[in-house]
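Would you like to walk through a protein model together? Have a look at the sequence and the fold first.

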Amino acid sequence: MKIINKADVINLLEQEDSISSTLGFRHSSGSLKKGMNKKINEIAGFCEQIFKVVSKYKKKNEIVFLECSCGKSYLSFVLSYIFEKEFKTRPFFFGVDTNGELIKGCEETRVALDYKNMVFKHGRTIDFNSDKKVDVVIALHACNTATDEAIAKGIKIGARYIMVVPCCQGQLRSQIKDHHPLTGVTQFGLLRCKFADILTDALRSQFLLGNGYYVELLEIVPPKLTPKNVLISARKIKNTNKRGLEQYYQLNKIFNTNFSLQEYFTEQSIGDDQTCAC
Ligand SMILES: C[S@@+](CC[C@H](N)C(=O)[O-])C[C@H]1O[C@@H](n2cnc3c(N)ncnc32)[C@H](O)[C@@H]1O
């Protein structure tokens with residue numbers, strides 16, 4: 001499979017009117033909307049990493065994606081378009097979101113593009129079910145713990161790949177004010193927020209390691225475009241990894257935090273719909 005990089009995706013969206021107009025990326029005059037520049041770059045940066053991963057995935061049947069907190073499902077539509085155009089193949093896409101209006105909009109876009117390889121579901125990621133085996137779980141800026149739902153869902157359904165670019169991460173901010181060895185850092189509000197983001201992504205990564213995934217973290221776009229640019233990219237390699245889980249619990253213990261990814265694996269799952277100002 002040939003490599004598609006970020007610049008290729010942006011070029012394609014600039015040149016191909018049918019997809020970028022239908023997704024609302026263009027003015028009626030034909031030029032790309034300046035206001036969509038950040039989103040287009042995020043999508044292109046994420047696509048690049050997805051193509052890198054999927055190009056190594058030898059699967060005979062169609063690849064099945066689940067986009068969690070899909071919003072308008074820009075990412076899935078662009079991926080589907082490129083797969084068809086460049087690789088003459090159509091993976092299958094599920095999209096799930098708690099916002100019913102957005103899911104309705106996704107269905108309208110799907111009809112406009114005449115894509116028969118997509119199903120959109122209204123509801124929480126953690127409640128998503130399907131008869132099809134999902135290979136790749138993706139989430140771009142799923143608000144707060146909605147990212148954790150995507151990770152938990154991916155682990156539960158045994159997804160081969162889990163790739164998430166988290167959004168705002170509020171869960172730990174208020175928990176790390178005191179009673180841990182780095183209070184000299186977290187006493188400053190700005191540093192506390194930055195540190196909470198780092199700790200949250202470290203806990204997520206350790207939890208994935210502990211569940212048998214190989215984990216890499218990388219930036220999909222430069223931080224000056226958006227600080228929410230970190231991709232946690234996980235590939236299933238074995239069943240569980242005791243050491244990773246120990247690190248997860250140890251980090252929680254050191255910082256006296258109650259980060260609760262493991263609770264999605266108990267009978268009564270946690271959380272609510274997440275909203276943010278993003
Ligand atoms: C910041 S938007 C990102 C949308 C899209 N992924 C994008 O990048 O354009 C976050 C989305 O998460 C959805 N959401 C929040 N909590 C959710 C949950 N528990 N399960 C599924 N979707 C959720 C919201 O409705 C919203 O559409």
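This is a predicted model: local features need pLDDT of at least 70, side-chain atom pairs count only at pLDDT 80 or more; totals for chains, interfaces and linings use all residues.

Reader: In what order do the strands of the open sheet lie?

Author: Strands (E, at least two residues) and helices (H or I, at least four residues) are DSSP runs, numbered from the N terminus. Two strands pair if DSSP finds at least two bridges between them. The open sheet has seven strands with mixed pairing, and their order is 3-2-1-4-5-7-6.

Reader: Which strands are the edge strands?

Author: Strands of a sheet pair through backbone hydrogen bonds, either parallel or antiparallel. An edge strand here pairs on one side only, and the two that do so are strand 3 and strand 6 (213-219).

Reader: Which residue in strand 2 is the bridge partner of Leu66?

Author: Strand 1 (residues 64-68) pairs with strand 2 in the parallel sense, over five bridges. Strand 2 covers residues 92-97. Within strand 2, the partner of Leu66 is Phe94.

Reader: And which residue in strand 3 is the bridge partner of Phe93?

Author: Strand 2 also pairs with strand 3 (residues 118-122), again parallel and over five bridges. In strand 3, Phe93 has as its partner Met118.

Reader: What is the handedness of the β-α-β crossover from strand 2 through helix 5 to strand 3?

Author: A crossover is called right-handed if, with the strands pointing away from the viewer, the path from the first strand over the helix to the second runs clockwise. Strand 1, helix 4 (residues 74-87) and strand 2 form a β-α-β unit that is right-handed. The chain then goes from strand 2 through helix 5 (residues 100-113) to strand 3, and this crossover is right-handed.

Reader: How far apart are the end C-alpha atoms of helix 4?

Author: The expected span of a helix is 1.5 Å times one less than its number of residues. Helix 4 has 14 residues, so its span should be 20 Å. The value in the model agrees: the end C-alpha atoms are separated by 19 Å.

Reader: How many residues of helix 4 are buried?

Author: A residue is buried if 20 or more other C-beta atoms lie within 10 Å of its own, exposed if 12 or fewer, and partly exposed in between, with C-beta atoms placed from the backbone. Among the buried residues of helix 4 are Tyr74, Phe77 and Val78. Helix 4 is mostly covered, and of its 14 residues the number buried is ten.

Reader: Against which elements do the buried residues of helix 6 pack?

Author: Helix 6 (residues 146-156) is mostly covered, with ten of its eleven residues buried. Those buried residues include Ala146, Ile151 and Gly154. Contact means that two C-beta atoms, placed from the backbone, lie within 7 Å. The buried residues of helix 6 pack against strand 1, strand 4, strand 5 and helix 8.

Reader: Which residues of the largest nonpolar core touch the most other members?

Author: A nonpolar core is a set of buried Ala, Val, Leu, Ile, Met, Phe, Trp, Tyr and Cys residues joined through C-beta atoms within 7 Å. Not counting residues up to four places away in sequence, Ile162 touches residues including Val137, Leu208 and Ala234. The largest core holds 74 residues, and those touching the most other members are Cys47, Val78 and Ile162.

Reader: Is His141 buried or exposed?

Author: His141 lies in the loop between strand 4 and helix 6. Its phi is positive, near 55°, although His141 is not a glycine. Most residues other than glycine have a negative phi. Because 21 other C-beta atoms lie within 10 Å, His141 is buried.

Reader: Is Lys133 buried or exposed?

Author: Lys133 sits in the loop between strand 3 and strand 4. Its C-alpha atom is 9.9 Å from that of Leu66, with the two residues 67 apart along the chain. Because Lys133 has 11 C-beta neighbours inside 10 Å, it counts as exposed.

How values were computed:
Residues are numbered from 1 along each chain as its sequence is written.
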